[in-house]
4 protein chains.
Amino acid sequence: MPDPGGLFGGVFGRGGADVSDTAWLQAMLDTEAALARALERAGLAAPGVGAAVTAAARADHFDLDDLGRQAALTGNPVPALVRALHALLPPEASAAVHRGATSQDIIDTAMMLLARAATRTTLTSLRRGADTAAGLAERHQDTIMIGRTLLQQAVPVTFGLVAAGWLTSLDEAWAALAMTRRDRLTVQFGGAAGTLASLGAAGPRVATLLAAELDLPGSELPWHTSRLRLIYLAGALAGASAATGKIARDVTLLAQSEIGEVREGAAPSAAAAGAAAAGAAAAGGGTRRGGSSAMPHKHNPVASIAILGCTKQVPGLVATMIAAAEQEHQRAAGAWHAEWQPLSALLQLTASAASWCEDLLAGLDVDPAAMRANLDAAGGLPMSEHVTALLAAKLGGPAAHDLVADAAASGQPFRDALAQATGALTAEEIDAALDPAGYLGAAGEFTRRALAAHRRAHPG
Amino acid sequence: MPDPGGLFGGVFGRGGADVSDTAWLQAMLDTEAALARALERAGLAAPGVGAAVTAAARADHFDLDDLGRQAALTGNPVPALVRALHALLPPEASAAVHRGATSQDIIDTAMMLLARAATRTTLTSLRRGADTAAGLAERHQDTIMIGRTLLQQAVPVTFGLVAAGWLTSLDEAWAALAMTRRDRLTVQFGGAAGTLASLGAAGPRVATLLAAELDLPGSELPWHTSRLRLIYLAGALAGASAATGKIARDVTLLAQSEIGEVREGAAPSAAAAGAAAAGAAAAGGGTRRGGSSAMPHKHNPVASIAILGCTKQVPGLVATMIAAAEQEHQRAAGAWHAEWQPLSALLQLTASAASWCEDLLAGLDVDPAAMRANLDAAGGLPMSEHVTALLAAKLGGPAAHDLVADAAASGQPFRDALAQATGALTAEEIDAALDPAGYLGAAGEFTRRALAAHRRAHPG
Amino acid sequence: MPDPGGLFGGVFGRGGADVSDTAWLQAMLDTEAALARALERAGLAAPGVGAAVTAAARADHFDLDDLGRQAALTGNPVPALVRALHALLPPEASAAVHRGATSQDIIDTAMMLLARAATRTTLTSLRRGADTAAGLAERHQDTIMIGRTLLQQAVPVTFGLVAAGWLTSLDEAWAALAMTRRDRLTVQFGGAAGTLASLGAAGPRVATLLAAELDLPGSELPWHTSRLRLIYLAGALAGASAATGKIARDVTLLAQSEIGEVREGAAPSAAAAGAAAAGAAAAGGGTRRGGSSAMPHKHNPVASIAILGCTKQVPGLVATMIAAAEQEHQRAAGAWHAEWQPLSALLQLTASAASWCEDLLAGLDVDPAAMRANLDAAGGLPMSEHVTALLAAKLGGPAAHDLVADAAASGQPFRDALAQATGALTAEEIDAALDPAGYLGAAGEFTRRALAAHRRAHPG
Amino acid sequence: MPDPGGLFGGVFGRGGADVSDTAWLQAMLDTEAALARALERAGLAAPGVGAAVTAAARADHFDLDDLGRQAALTGNPVPALVRALHALLPPEASAAVHRGATSQDIIDTAMMLLARAATRTTLTSLRRGADTAAGLAERHQDTIMIGRTLLQQAVPVTFGLVAAGWLTSLDEAWAALAMTRRDRLTVQFGGAAGTLASLGAAGPRVATLLAAELDLPGSELPWHTSRLRLIYLAGALAGASAATGKIARDVTLLAQSEIGEVREGAAPSAAAAGAAAAGAAAAGGGTRRGGSSAMPHKHNPVASIAILGCTKQVPGLVATMIAAAEQEHQRAAGAWHAEWQPLSALLQLTASAASWCEDLLAGLDVDPAAMRANLDAAGGLPMSEHVTALLAAKLGGPAAHDLVADAAASGQPFRDALAQATGALTAEEIDAALDPAGYLGAAGEFTRRALAAHRRAHPG
């Protein structure tokens with residue numbers, strides 16, 4: 001996993017999705033090199049040209065900042081890159097460079113290559129996170145806790161069911177992203193206006209060979225101004241982001257000082273530990289994850305915070321990608337350019353959130369005793385739905401609802417208030433009604449379903 | 001197709017997607033009625049209860065504004081609706097109403113029913129639009145026009161290829177939305193906190209029967225706080241919106257007074273004609289589509305404008321849906337509520353854009369002569385890539401590029417400037433190089449591929 | 001305060017901001033009527049024409065749905081409206097209707113009128129909310145509670161300071177919205193392309209009179225394609241939304257079952273009570289705000305939830321308004337149309353959030369005992385910063401930080417662990433260091449500043 | 001103007017707004033240094049401590065990537081930065097570092113410093129752009145061109161009026177951003193939870209001194225979870241972005257090959273020329289701005305494209321900033337972190353768009369002859385409103401409208417068709433009615449107003 005680098009890389013750049021300028025440059029060069037090889041295979045470039053261009057097409061042969069400056073002359077860095085590539089090559093190879101292509105072909109295809117690489121790491125994190133969530137769901141099938149709706153205690157659930165919900169979302173996100181990655185990341189190759197005219201009759205064949213060289217699917221037509229695949233990619237990334245954001249939100253809430261039902265592990269995962277150890281050593285030691293600069297007793301849920309710091313940036317970026325799909329004629333004046341940075345950010349933030357989520361789940365401390373204590377402290381009130389249902393069978397729904405609501409609001413212990421308010425239930429019936437273990441409904445069944453679906457999706 | 005009604009309904013509410021308050025209310029009632037029938041089938045309600053609730057569950061039995069007022073007491077209209085439904089029923093049926101359910105079950109499932117109905121009309125419009133685009137692509141395979149990149153004339157294309165690009169996007173949008181509609185619109189039924197505890201062991205069976213009654217797929221688990229399916233739905237709607245927005249953007253540009261290559265039909269489609277005729281008659285006649293209140297000579301591309309008026313609202317709404325997916329515990333405090341209006345708007349705007357697009361394509365006047373005239377007026381400059389390529393074979397790429405650029409900038413007719421600048425090409429070779437029909441590359445092949453793919457997708 | 005109506009009006013339409021179709025229609029008619037009066041004052045229409053048009057220009061004279069249908073012919077409802085208005089008037093008055101104007105003049109100016117009315121109610125709610133927050137800040141200057149950062153207990157604050165923070169935001173939001181309302185809601189009047197050519201030399205004078213008739217500021221130039229004022233309006237609304245959203249988020253968290261430091265009042269405000277009583281009576285009684293359909297013991301923070309349900313829709317809508325500002329030439333093809341619905345929604349949601357917030361603050365139950373209990377339950381840990389500072393003066397910062405962190409993590413009572421770990425502080429010094437009342441810093445000063453600023457802003 | 005660097009810096013990073021990681025780091029260090037000086041001035045640190053910390057607080061003393069790695073332990077880079085700063089200082093100075101502060105104080109204040117610096121360059125560009133637009137407006141007061149609504153020719157305007165509209169927006173954007181910069185960029189200093197408790201009674205005085213040291217305004221209260229100022233800043237940046245985006249959109253349209261009324265200057269501005277020359281020299285020369293890699297005749301409107309590439313990213317980023325304002329308690333878990341990257345991007349993109357716009361306007365070639373030719377080619381149709389008005393006085397409005405519409409649609413020259421259709425106007429009257437110079441209304445007056453307002457705002 002490459003080190004993301006940068007002042008905020010540890011937070012937003014985790015997970016190894018490389019969308020740095022160097023990665024962009026290399027992806028463009030990979031596209032140019034693959035095109036040269038495709039031209040050679042199509043008989044449109046001399047033997048050896050493909051290899052020569054491929055050898056030259058290494059990012060470290062180029063001055064990235066200089067290409068960026070020259071991009072100001074054309075609106076994108078490809079023309080300068082092509083000139084620089086020419087300068088590195090003998091005439092015969094130079095003549096084949098970029099043949100048939102337009103700048104957009106190179107940038108769009110490079111974008112697909114970046115997306116393919118970045119989503120690989122995201123998928124791995126999602127799957128590992130799902131595996132861990134499955135373990136939590138399995139282990140905690142009988143761990144009873146209070147369910148909370150609208151941030152109020154509601155009725156009992158199990159932590160296994162909570163983890164099963166996380167698991168299902170991670171699996172759904174994985175599946176949608178994997179399908180999108182497989183089907184939507186196609187080569188763009190259309191030349192100046194989508195006809196590949198400068199290649200004469202050979203255009204489609206070169207396009208096919210280019211796709212083969214890059215191991216990307218081809219597309220029926222060039223998609224230079226048909227940006228739906230980018231919208232679907234953004235949507236799949238948003239799904240992955242949402243799956244992790246939900247988990248992080250739950251963990252921040254369950255880890256509140258007053259609730260304490262879960263706690264993020266203080267020890268970072270193996271992957272993070274290396275970087276952390278290096279850093280801590282350099283700093284003189286003593287830094288623990290989740291520590292606070294000002295309050296040494298604090299144990300902040302850093303992974304969850306980092307996830308939310310990533311995921312909250314996603315909706316706006318997706319909106320930009322969708323708005324940018326309104327592209328004029330055969331190449332858009334601005335809308336195309338507006339995609340590069342948001343898509344990079346989406347790839348990186350989603351990978352980072354997924355990586356943090358994998359780590360979060362792997363280190364999560366679950367405290368069944370705290371769950372039980374919070375439930376018991378509610379004095380039976382979370383069973384009020386159960387009691388209401390039992391009473392409704394005898395008194396009718398509205399009367400039962402009001403009776404239970406009055407008992408809940410009486411200020412007395414709920415059990416006693418119920419006993420006083422009605423003779424419709426015996427003390428034993430009230431006690432049974434107030435036992436949370438007897439009011440879990442399909443929690444177990446739903447948990448088992450989630451586990452089974454996970455095993456079907458990932459039989460490994 | 002229901003009349004959307006309202007002051008802006010003709011623009012934003014076209015296409016028959018009904019997300020009105022009445023439609024919402026009826027969808028909630030349909031869910032309650034289906035639940036009663038499911039309970040009866042599961043043996044949890046007496047025979048006849050399902051029919052009784054179903055008979056009562058008609059929107060016109062309820063005072064919608066009053067339910068809305070009472071929604072202020074609970075944050076959603078379901079509790080008041082349930083009480084009102086109770087009041088319409090005999091005790092036995094009343095007791096079964098809403099049994100096992102929580103407000104979110106009713107609203108989420110109603111949202112799925114609305115989405116199913118709204119996307120039906122959108123899919124129909126997309127498909128009809130695609131059929132028409134296919135006809136345009138086929139008819140105009142040999143209609144040469146100038147391709148434009150960055151709003152500048154570039155190289156020749158055919159209008160057939162342009163239409164093929166529209167077609168491919170419409171087909172992709174159709175397929176993605178159809179798949180989403182089939183797979184993602186599932187029943188939500190989980191009770192107070194997702195365990196269905198109030199139904200005891202019968203919960204999962206009632207959930208299955210409820211899905212069957214509504215003819216919706218079930219889901220493995222309740223998805224009350226796992227909102228990925230809404231993100232994917234929003235993404236599929238955004239794809240449909242983008243496909244139509246691209247077409248509308250192209251039409252507004254091609255229909256500019258100075259370009260005039262296409263023109264929206266003045267006669268609205270049959271569907272629109274009814275409404276228009278009624279309106280025009282009432283107003284004293286004379287109103288034509290595209291007319292201006294102040295400038296009688298104008299012919300505004302109203303359909304395209306209406307499409308863009310719809311599609312430009314989509315990115316922000318999708319962002320809201322994605323952001324809302326961060327939902328707390330077993331029911332979100334606000335994020336859930338924030339979904340209802342944006343999803344309604346997305347469904348309606350996408351349906352309206354698709355319906356306008358169907359109409360736009362059906363009435364589109366294409367003017368091949370204008371296309372040819374604009375191309376000829378460019379005096380061969382759009383062939384400069386072609387000339388450059390021919391010269392490059394003789395002079396090398398950079399020299400050829402510069403020579404052609406100088407000729408293009410000379411102020412002289414391009415043909416003459418080329419002839420003067422170089423002896424590398426004969427006059428005949430220059431003439432051949434400047435013939436756009438000889439520089440269409442794979443335009444025909446790509447158009448045929450788009451048509452073949454369309455026929456595979458919609459063999460009808 | 002008009003009843004918003006509709007199934008979701010009680011949640012999203014509270015506060016009296018009327019952006020209904022009828023309100024839109026009336027605002028357009030008010031603009032047409034004011035224009036007729038302005039023309040009469042400018043000598044361009046006969047005496048009496050202004051009054052005649054004004055008398056005719058009542059929304060109930062028009063068939064709103066029919067206008068909407070005809071809007072499909074032109075992309076907006078104004079041309080049909082003008083024809084319908086003509087039909088109601090004698091020829092002399094008819095001739096003056098809409099003179100000099102284009103559709104956009106009418107719609108843009110109507111939008112300003114709607115914004116002026118809607119922001120009036122929002123400002124009133126914000127100010128009343130601020131007044132109530134000021135009362136809370138004043139009353140609770142000495143109410144100690146635990147401050148929470150990253151959802152973990154941190155150091156003590158006062159509830160007065162929390163309320164002062166709410167107050168300051170409400171006051172800032174009020175001031176920004178009031179300034180925007182005063183300065184940015186200007187008449188749009190430019191005719192077909194912004195020159196008012198059809199009025200000859202009289203254009204600017206009619207524009208000035210029109211502004212006077214509507215009591216709106218004029219603008220130096222027509223702003224038909226300069227949409228900055230709408231962006232600033234959207235920004236000011238977003239500020240108001242954010243001020244209320246922060247309060248609502250805090251209340252949902254402080255009202256959690258396990259924390260219980262505040263609680264929304266069960267009794268709705270007077271304004272809401274009327275609607276609720278009517279509804280409750282119709283429904284057979286018994287409905288209380290915050291009750292749950294399934295769990296009678298619950299007391300949901302409905303006002304906070306409704307606020308968040310509104311405010312979470314705001315960012316996407318603002319994004320749409322900003323994106324729509326890219327408008328072509330002298331009238332945009334779609335971007336202009338895309339503003340109408342999002343601005344309506346922004347006005348309504350912000351008014352609703354502000355109204356809910358006013359109500360929330362007025363009914364908020366604050367529980368100082370619960371605050372104290374939660375603080376005490378932390379066993380002195382929130383004082384660790386204080387202890388660290390005292391120790392740092394003797395041991396140096398890093399050593400003090402680590403010592404306190406170890407004591408906090410020891411599992412022992414913090415006081416005892418500290419005493420054992422170091423002799424640098426006496427038992428008395430430790431006790432003093434652990435008293436939260438001694439560690440409130442500038443909480444009082446900041447609270448007094450907020451109150452003073454509020455009194456300066458609203459001396460009433 | 002610093003070189004933005006990076007592969008896309010020439011497009012998106014122009015204008016000198018530095019939001020690089022190094023700039024962030026230096027801004028944090030500047031805040032820490034100012035705090036040390038403030039503490040010294042308050043008597044809370046020994047003489048010389050301020051100077052010592054200031055000397056140490058240089059970004060090049062720190063390993064930025066290492067700080068970023070350690071940020072993964074705490075969720076932000078400040079704790080590691082503070083430790084690293086400690087390590088560079090003697091004990092006495094070390095003890096004062098970060099005293100009273102929390103990480104958020106440092107990051108939020110650093111963000112204000114970055115915003116102050118970035119908006120300085122943006123304001124300069126906006127003002128220079130406005131000056132140039134004023135020159136265009138003045139020079140072209142009598143340059144007649146066709147106005148276009150809904151992308152159709154409408155009625156005549158002047159290019160002076162078009163430029164005046166651009167000018168007014170630039171001036172409005174300047175004023176709003178300048179006011180926001182002056183009033184909203186305030187120090188954040190509140191300590192662990194906003195009470196500054198660790199500074200005892202000295203907190204408010206240190207806060208005041210810190211503001212003085214940084215030459216930033218103070219704020220009444222810490223604003224750690226009151227983010228309205230960031231929303232207003234984002235809104236002001238969005239206004240600046242919108243002003244430039246409108247201009248760029250107009251230029252791309254006016255510069256279309258078929259319209260050719262304006263053209264971006266081929267010669268980049270002096271500022272850009274340096275970078276370009278360096279780049280072109282390195283590449284072997286020959287690169288001109290606006291050239292195409294594949295089509296040497298093209299002259300792409302690169303500045304406009306770059307502007308739109310920037311501005312189209314803005315709406316989504318603003319949405320993120322607004323959504324992030326919902327912050328919990330005394331420090332948000334994620335929402336705060338989600339602000340850093342979007343605000344950086346907003347600052348940079350807005351500065352880049354403004355710089356490009358300054359350059360675009362300075363080099364804009366305006367072609368009055370092309371404007372006249374396009375107008376003449378319309379054969380008088382754009383005067384139809386004028387003719388209609390003259391006829392309406394004789395025939396009544398609807399009859400006049402229909403007569404002119406029929407003449408416009410007749411296929412005959414408009415002048416002849418009008419003469420045939422009616423005797424209500426003489427040939428001379430028709431000729432006069434069709435002269436665009438006679439139908440410019442208040443174009444001149446509005447242009448003069450815009451110029452006068454500009455001189456009032458910028459009397460320099």
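Predicted model: local features only at pLDDT ≥ 70, side-chain atom pairs only at ≥ 80, totals over all residues.

Tutor: Start with A:Ala72 and its contacts. Leave aside its neighbours within four places in sequence. A:Ala72 is then in contact with D:Gly10, D:Arg289, D:Val302 and D:Trp356. A:Ala72 sits in helix H4 of chain A, which covers residues 64–74. Is A:Ala72 buried or exposed? A:Ala72 is buried, with a relative accessible area of 12%. The cut-off for buried is under 20%, so 12% qualifies.

Now step back to chain A. How many helices and strands does chain A have? Chain A has 20 helices and 4 strands. Its radius of gyration is 29 Å. The globule rule gives 23 Å for 460 residues, so chain A is more spread out than a compact globule. The C-alpha trace spans about 100 × 55 × 40 Å along its principal axes. Even so, 66% of the 460 residues of chain A count as buried. Chain A exposes about 13,300 Å². Carbon and sulfur atoms supply 54% of that area. Now take the contacts in chain A with a separation of 6 or more. Residues 24 or more positions apart account for 77% of them.

A:Thr350 gives you a case inside chain A. A:Thr350 lies in helix H14, residues 340–363. A:Thr350 is buried, at a relative accessible area of 2%. Set aside residues up to four places away in sequence. A:Thr350 then touches A:Thr122, A:Leu237, A:Ala240 and A:Ser241.

A:Leu418 is another buried residue, with a relative accessible area of 1%. Look for A:Leu418 in helix H18 of chain A, residues 414–421. Its partners, again not counting residues up to four places away, are A:Val387, A:Leu403, A:Val404, A:Ala407, A:Ile430 and A:Leu434. A:Ser384 is 34 residues away from A:Leu418 along the chain. Their C-alpha atoms are separated by 9.8 Å.

Follow helix H18 into chain D. Which residues of H18(D) are buried? They are D:Phe414, D:Ala417 and D:Leu418. They cover an arc of only 100° around the axis, which puts them on the same side of H18(D). An α-helix has 3.6 residues a turn, so residues three or four places apart point the same way. Against what do the buried residues of H18(D) pack? They pack against helix H16 (384–395), helix H17 (397–408) and helix H19 (427–433) of chain D.

Chain C has its own helix H18, residues 414–421. The buried residues there are C:Phe414, C:Ala417 and C:Leu418. Seen down the axis of H18(C), they fall within an arc of 100°, so they line one face of the helix. They pack against helix H16 (384–395), helix H17 (397–408) and helix H19 (427–433) of chain C.

How do chains C and D relate? A rotation of 180° superposes chain C on chain D. The shift along its axis is 0.0 Å, and the RMSD is 0.0 Å. The two copies are thus related as by a two-fold rotation axis. The interface tells you more. Of the interface residues of chain C, 100% are also interface residues in chain D, so the copies meet through the same surface.

Next, the nonpolar core. The largest one holds 638 residues. Which of them touch the most other members? B:Phe159 and D:Phe159 do.

Most residues other than glycine have a negative phi. Phi of A:His98 is near 70°, a positive value. A:His98 lies in the loop between helix H6 (91–96) and helix H7 (103–139) of chain A. At 7% relative accessibility, A:His98 counts as buried. For C:His329, phi is near 45°, also a positive value. C:His329 is in the loop between helix H13 (314–323) and helix H14 (340–363) of chain C. C:His329 counts as buried too, at 4% relative accessibility.

Note on methods:
Residues numbered from 1 in each chain as written. Chains lettered and ligands numbered in written order. Heavy atoms only, no water. Helix = DSSP H or I, 4+ residues; strand = E, 2+ residues; numbered from the N terminus. Buried < 20%, exposed > 50% of the residue type's maximum accessible area, 1.4 Å probe, protein only. Contact = heavy atoms within 4.5 Å. Arc of directions from axis to C-beta. Core = buried A, V, L, I, M, F, W, Y, C linked by side-chain atoms within 4.5 Å. Rg over C-alpha atoms; globule rule 2.2 N^0.38 Å. Areas by Shrake-Rupley, 256 points an atom, 1.4 Å probe, with all protein chains shown as cover. Least-squares fit on C-alpha atoms with pLDDT ≥ 70 in both.
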